[in-house]
Structure formats: structure tokens, C-alpha cells
Amino acid sequence: LEQYVMALADGAENVCLAGGVAWNALLVAALENSGRFQGVFAQPAAGNAGTALGAALYVWHHVLGETKRLDAGGYALGPGFEAAQIKQVFENCKLRFSLLPTVPSITGAAVRLLADLLRDAGYPPGVFNMVAGSGAVVGNALIDDPRIAGVTFTGSYEVGMDLSRRMAAGPWVRPCITEMGGKNAVVVTANGDLERAATGIARSAFGLGGQKCSAASRVYVEASVAEALTARLVAAAQAIRIGDPTQREHWLGPVVSARAVAKYEDYVRRLALDGGTVLCGGTRLTDTPLAQGCYVAPTVATAPAAHPLYAEEMFLPILMICPVRDLAEGVALANASPLGLTAGVYGSEADVAYFLEHIEAGTVYVNRPQGATTGAWPGYQAFAGWKGSTSTGKAIGSFYYLPLYLREQSQTVVE
């Protein structure tokens, strides 16, 4: 990315980085230290400046120190601001410029591939429409448009709850199907197969770097077997082969972005603040060739039940372990989260019966080495959430999900 920006900005006196991302400090520092630019100005956080318009406004306010409305040679500032107009803005500001186009979402390419598949499958034009843009700009415009009949959302709890409230705030309640996050727990009793438990937990906690809503992040284990299970999990984490995920010998690749690395480092720091202990991992991997990517070590930590990170969805390869008195306490702590997506248990037949009767989660797994909280197979296993993980309580792939997209009309005709 540094080389790309350098090439794009070649010959410019100043560089302004604006877009649907928060520019990381490493890139800004590299540009500043290159000595090629008089000034490097970075939008500090994602927001509605995630457009070419944002670049102009950012330069205007923060480079020139102006606060008045900017007139770009007769062009009004608005959502349709184009590259030619932004150039005029920079010329009016007496700045030579380079415009850095950005994709607001780091997963935008995957959505484009889906759009291509649907087009190639023969979907009629207009049935499926891909609109690229940041949530703050494009997302808000769609949600606020009364012509939008309903919304389906997959993402964070905070955004999903906001969408639900906004869709209910108009002249009538518009349908809003939200699939939100998870803070998924595993309960292991003294009767559980510890080898099977360690295998399943490690796969669910560290597969895909913990970057999926169903990843395991909390383990509540009976105190009498806590030390033995913890030792197995530490060994499993340390044995993971990390590197280029396109090479078969590597089980784990990088996290998704530099921002994710920064979050990882912050969570590791916070683990120790309230009685937590990092047993393995906790570092960014900088050995060649991993230094060029966002690679972090799978992390296992112990922490008391009151630790605040048990309540935060981290979306990273970090697993926290808490010893408990018995199964009942483990299930109670698992249910203490406002989220209820997936959960797992390892124990006896009686333990499993108690767990299934009391656990507050939509998708549960029992004594499963393939994955403690992950691995629902599309077409065979429905996938559901409870509580703050969903607005419906219905399972994707079940008999009841598709009707959520339909509305009924009772017709009585008398001839």
C-alpha cells in the first residue's frame, strides 16, 4: 500500500488520505519520513468524509484552516462530487494534488464476486443491485429513503440495533432482519473428554483468525480440570502453523487489516489490567516474511469472571478461560452476555441435558471435536441466534426464515 500511494502521489506537494477507512499511523509515518511531501494529512476516522468530497473538505478545513463554505469554481458540494471537480477544488486551494481512490469496505471485493455470480447465473437486470460505499454515506442514504421496503443486515450489534430502531421510527414499522454479533461461550465439565474439547475449542477460537461471528471466545471450565484443559489449549495454539494462507502448510493467515492488528494489541494490553494473564501469544509476528503482513499470534489467556473483555466481541484470535465451580455456574456465565449466537458443551449425558435446557443461544454444539461453536453446514444445519444476536430468533436455512421476506394478504371475494 505504501508503494502504491507513493506512485500515485508522485510529484505532489501535499497528500491527503481520505476514504471509508481510518488511515493507520504506519502508512502516514512512512509518507512523512519519505521527505517527498510538504504535508501529509490523514482523515483520522471513518465517517461521512469517505468520498472525494471528504478529501476536499478535509484539506480545506485542516490544511488551509478555513471554515467557510467552499465554492469549487461554481460546483456545489454534494454527493455527486467527481474527480474533475475535486481537482478544481484543489486548484482553488492552490495545492497540487493526488487523489487516492479507496474502497470503503475491506470486504468489498467479495460482494462484487457475488454480484458477478448472480449476473452470470441469469438474474434479470435490476433484481440484484450492488451499491458500493461506506455505511455512513451510502448506508444511511438507503436506510433513510422511504422507498426502501425492508432491510437485511449482517454485522455488529451496535449498528444492527441502530438500524432496527430507525426502521421502526417512520410512519409504519418497516421489516428489518438483523443478524448481529456473538460472544460465544464453551462450557467444559469434569466429565468432558478434554482432548476432544481442546481440539474443538482451538478450531473454533483460531480458525479464520477468530474473525467470524460464531468464533469461540470464552471458555468456562470446571476448576478440577481447568489446569489440564488450559495446558492442552496452550499447546494447540502454539502448534498452529502461521503464514501465507494460499500455501497449504499454513493453517492460519493474517488478520484482515492494520486496524485489526491495533485492536489485537489493545486487547492484549487490556487483558492484564483486570487480573488477566496471557499464557501464550499476545504479540504481532514480525519475523520475515510475516513482517510484511498483519500476522498476530493466537492468544490464550486466563481471567476472572468479572473481566470486562468477557463482554466485548473481539473478532480476533484471542481465547479467554475462566475456571468455575460447576456446570450451573458455567452456563450462568455463558448466558450473562446480551448476545446469544452459538455455544458449545463438553460433558456427560446429564451435563448435556442441563446445558441444552438452560443455554441461551440459537446454535449449539455438543461434544464436537470439529468445532466447539462453529461449523454449521449450509443446507443441513440451520443457523440461528437469540437475544442481541438477531432481531428474529429464526434460523437461516430453517423452514421459518424465508417467510420473513414475505407479507401475507387475506383476500375475501364475494361474487
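Biologist: Angles under 35 degrees count as roughly parallel, over 145 as roughly antiparallel, 65 to 115 as roughly perpendicular and the rest as oblique. The model is predicted, with local features requiring pLDDT of at least 70 and side-chain atom pairs pLDDT 80 or more, while totals for chains, interfaces and linings use all residues. Residues are numbered from 1 along each chain as its sequence is written, and side-chain values use heavy atoms, without hydrogens or water. How are helix 8 and helix 9 oriented to each other?

Modeller: Helices are DSSP runs (H or I, at least four residues), numbered from the N terminus. The axes, lines fitted to C-alpha atoms over the stretch in contact, with angles from 0 to 180 degrees between N-to-C directions, cross at roughly 50° for helix 8 (residues 194-206) and helix 9 (residues 223-238). The relation between helix 8 and helix 9 is therefore oblique.

Biologist: Which residues touch the most other members of the largest nonpolar core?

Modeller: A nonpolar core joins buried (under 20% relative accessible area, 1.4 Å probe, protein chains only) Ala, Val, Leu, Ile, Met, Phe, Trp, Tyr and Cys residues through side-chain atoms within 4.5 Å. Of the 63 residues in the largest core, those touching the most other members are Val188, Ile201, Val219 and Leu229.

Biologist: Which helix gives the largest share of this core?

Modeller: Ile201 is one of the residues of helix 8 that meet helix 9, with contact meaning heavy atoms within 4.5 Å. The largest share of the core, 7 residues, comes from helix 8.

Technical notes: Buried means under 20% relative accessible area, exposed over 50%, partly exposed in between (1.4 Å probe, protein chains only). Helices (H or I, at least four residues) and strands (E, at least two) are DSSP runs, numbered from the N terminus.
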